[in-house]
Amino acid sequence: MSLPRKGRFITVEGTEGVGKSTNMNFIRELLDTANIPHIVSREPGGTPLAEEIRNVLVVPREEKMCELSELLLVFAARAQHINQLIRPALERGEWVLCDRFTDATFAYQGAGRGLSTAVISSLQDMVQGELRPDCTVLLDAPVDVGMARAGARGELDRFEQEKHTFFEKVRAGYLERVAAEPERFRLIDASAELASVQREIAAALQPQITAYQAGSHV
Ligand code: TMP
């Protein structure tokens, strides 16, 4: 009897307005075309309870949310998401394509808010155990480009209301993650033309797709 193939955990990251939604759809189509069983999800969110926590996180409010509350809410949503959705899907051999994951926590709560990386790492271990993305697509663009696109979408959420300097820190935080783990990340210049961004994404994911189709168990 052959072992079920292990699903791959693919995450997509980037600051606001870098084209995550468009390119998530593009990756979803790549997986459909390759006949790869998959689910698509997002963080914070992905289950009804985690989506409720997302709402608490993103809706602007008068009371200032303290940094630690923000961090713990992000991980509370993540614990639920992993338990209810991500692990079961990976165990069924499906791929999980997720719009943001813990790299966003290192970038937003760590680099952006200034919370300790050691604290985030220990929460990561506690909540995720060994679970880490197999491959992370980072859509990178100058902050001005992304902020202009996000602004054009209408009302800004609690994060989008942050200032330019906050997003500069977030972007730098993401780039530090890439430097620390270059083998996991696919760094894509999201300020280029969409067709060329998508060519790069397709080329970046092809080795994973080919290995899966060949029946590799890793
Ligand atoms: P979205 O706009 O990409 O849907 O994500 C909602 C916001 O949540 C986004 O501004 C980034 C923020 N976020 C964090 O601050 N930390 C995290 O760990 C995650 C997953 C998202």
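Relative accessible area sorts residues into buried (under 20%), exposed (over 50%) and partly exposed (in between), using a 1.4 Å probe and protein chains only. By that scale Asn-35 counts as exposed, at 67% relative accessibility, while Arg-100 is buried, with a relative accessible area of 11%. This is a predicted model, in which local features need pLDDT of at least 70 and side-chain atom pairs count only at pLDDT 80 or more, while totals for chains, interfaces and linings use all residues. Residues are numbered from 1 along each chain as its sequence is written, and side-chain values use heavy atoms, with hydrogens and water left out.

**The sheet**

- Helices (H or I, at least four residues) and strands (E, at least two) are DSSP runs, numbered from the N terminus.
- Five strands form an open sheet in the order 2-3-1-4-5, with parallel pairing; a pair requires at least two bridges found by DSSP.
- Strand 2 (38–42) and strand 5 (185–189) each have a single partner strand, so one side of each edge strand is left without a neighbour in the sheet.
- From one strand to the next, the twist averages 20°.
- Five bridges join strand 4 (residues 135–140) to strand 5 in the parallel sense, and Thr-136 has Phe-185 of strand 5 as its bridge partner.

**Helices on the sheet**

- Helix 1 (residues 20–33) packs on the sheet and touches strand 1 (9–14), strand 2, strand 3 (95–99) and strand 4; contact here means heavy atoms within 4.5 Å.
- The direction of helix 1 makes about 170° with that of strand 3; axes are lines fitted to C-alpha atoms, for helices over the stretch in contact, and angles run from 0 to 180 degrees between N-to-C directions.
- Helix 8 (residues 194–213) also packs on the sheet, touching strand 1, strand 3, strand 4 and strand 5, and its direction makes about 160° with that of strand 5.

**A helix pair**

- Helix 3 (residues 67–91) packs with helix 4 (residues 102–112) at an angle of about 175°, their axes 11 Å apart.
- That makes the two helices roughly antiparallel, a label for angles over 145 degrees.
- Helix 3 contributes Glu-70, Leu-71, Val-74, Phe-75 and Arg-78 to the contact, and helix 4 contributes Thr-102, Thr-105 and Gln-109.

**Backbone details in the loops**

- The peptide bond from Glu-43 to Pro-44 is cis, with omega near -10°, and Pro-44 is found in the loop between strand 2 and helix 2 (48–58).
- Asn-35, in the loop between helix 1 and strand 2, has a positive phi near 55° without being a glycine.
- Arg-100, in the loop between strand 3 and helix 4, is not a glycine either, yet its phi is positive at about 75°.

Conventions
Parallel < 35°, antiparallel > 145°, perpendicular 65-115°, else oblique.
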